Amino acid sequence: MKHLTNQQQETAVIAMEEMAELTQVLSKLIRFGYTSDKTEHLIQEMGDVLLLHRLLQNTFGIEDNSLDEAMLRKQHKLMAWSSLYE
Ligand SMILES: [Mg+2]
């Protein structure tokens with residue numbers, strides 16, 4: 001077993017925080033509805049998550065093609081088990 005570096009730990013914690021913030025925004029959109037004044041907040045939290053996603057990729061040394069393959073696997077599951085690709 002290998003412990004995370006300080007940079008990996010910090011990136012992981014901030015990523016968790018940002019994903020929680022996006023989760024909260026999405027939950028409130030479902031509960032209270034989506035109006036145009038909420039767009040900027042949604043965009044900001046999505047951007048925060050995308051940035052931390054990239055930083056996670058960098059700090060863990062994950063190649064783009066590995067992520068592409070993972071995304072394809074998930075896409076196939078969603079095609080089979082959701083209506084998102086109908
Ligand atoms: Mg945020």
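Guide: What follows starts with the chain as a whole, turns to the helix pair, and ends with the remaining helix. The model is a predicted one, and what I describe is computed from its atoms.

The chain holds three helices and zero strands, and from the N terminus on its elements run α-α-α. Its radius of gyration is 16 Å, well over the 12 Å that the globule rule gives for 86 residues, so the chain is more spread out than a compact globule. Taken along the principal axes, the C-alpha atoms fill a box of roughly 45 × 30 × 20 Å. Buried residues make up 2% of the 86 residues, where a residue is called buried if 20 or more other C-beta atoms lie within 10 Å of its own.

Helix H1 covers residues 6-32, and its 27 residues should span 39 Å at 1.5 Å a residue, which agrees with the 39 Å between its end C-alpha atoms. Just after H1 comes Gly33, which takes a positive phi of about 95 degrees. Helix H2, residues 39-60, has 22 residues and reaches 31 Å from its first C-alpha to its last, close to the 32 Å expected at 1.5 Å a residue. H2 too is followed by a glycine, Gly61, whose phi is positive and near 65 degrees.

The two helices pack with their axes 9 Å apart and at an angle of about 155 degrees. Angles over 145 degrees count as roughly antiparallel, and H1 and H2 are therefore roughly antiparallel to each other. H1 passes H2 in a left-handed crossing. On the side of H1, the contact is made by Gln7, Gln8, Thr11, Ile14, Ala15, Glu18, Met19, Glu21, Leu22 and Val25. On the side of H2, the contact is made by His41, Leu42, Glu45, Met46, Asp48, Val49, Leu52, Leu55, Leu56, Thr59 and Phe60. As background to such lists, an α-helix has 3.6 residues a turn, so residues three or four places apart point the same way.

Asp48 gives a residue-level view of this contact. Asp48 has its place in helix H2 and, leaving aside residues up to four places away in sequence, touches Glu18 and Glu21, both of which are listed on the H1 side of the contact. Asp48 and Glu21 are 27 residues apart in sequence and 9.1 Å apart in space, C-alpha to C-alpha. With 17 other C-beta atoms within 10 Å, Asp48 is partly exposed.

Ala12, which lies in H1, also counts as partly exposed, with 16 C-beta neighbours inside 10 Å. From Ala12 to Glu63 the C-alpha atoms are 18 Å apart in space, and the two residues are 51 apart in sequence.

That leaves H3, residues 64-81, whose 18 residues reach 26 Å from first C-alpha to last, close to the 26 Å expected at 1.5 Å a residue. The number of buried residues among the 18 of H3 is zero, so this helix lies largely in the open. Ser66 lies in H3 and is exposed, with 11 other C-beta atoms within 10 Å. Ser66 and Glu21 are 45 residues apart in sequence and 26 Å apart in space, C-alpha to C-alpha.

Terms used
Residues are numbered from 1 along each chain as its sequence is written. This is a predicted model: local features need pLDDT of at least 70, side-chain atom pairs count only at pLDDT 80 or more; totals for chains, interfaces and linings use all residues. Helices (H or I, at least four residues) and strands (E, at least two) are DSSP runs, numbered from the N terminus. The expected span of a helix is 1.5 Å times one less than its number of residues. A residue is buried if 20 or more other C-beta atoms lie within 10 Å of its own, exposed if 12 or fewer, and partly exposed in between; C-beta atoms are placed from the backbone. The radius of gyration is taken over C-alpha atoms; the globule rule is 2.2 Å times the number of residues to the power 0.38. Axes are lines fitted to C-alpha atoms, for helices over the stretch in contact, and angles run from 0 to 180 degrees between N-to-C directions. Angles under 35 degrees count as roughly parallel, over 145 as roughly antiparallel, 65 to 115 as roughly perpendicular and the rest as oblique. A crossing is left-handed if the near helix is turned anticlockwise from the far one by less than a right angle, and right-handed if clockwise. Two residues are in contact if their C-beta atoms, placed from the backbone, lie within 7 Å.
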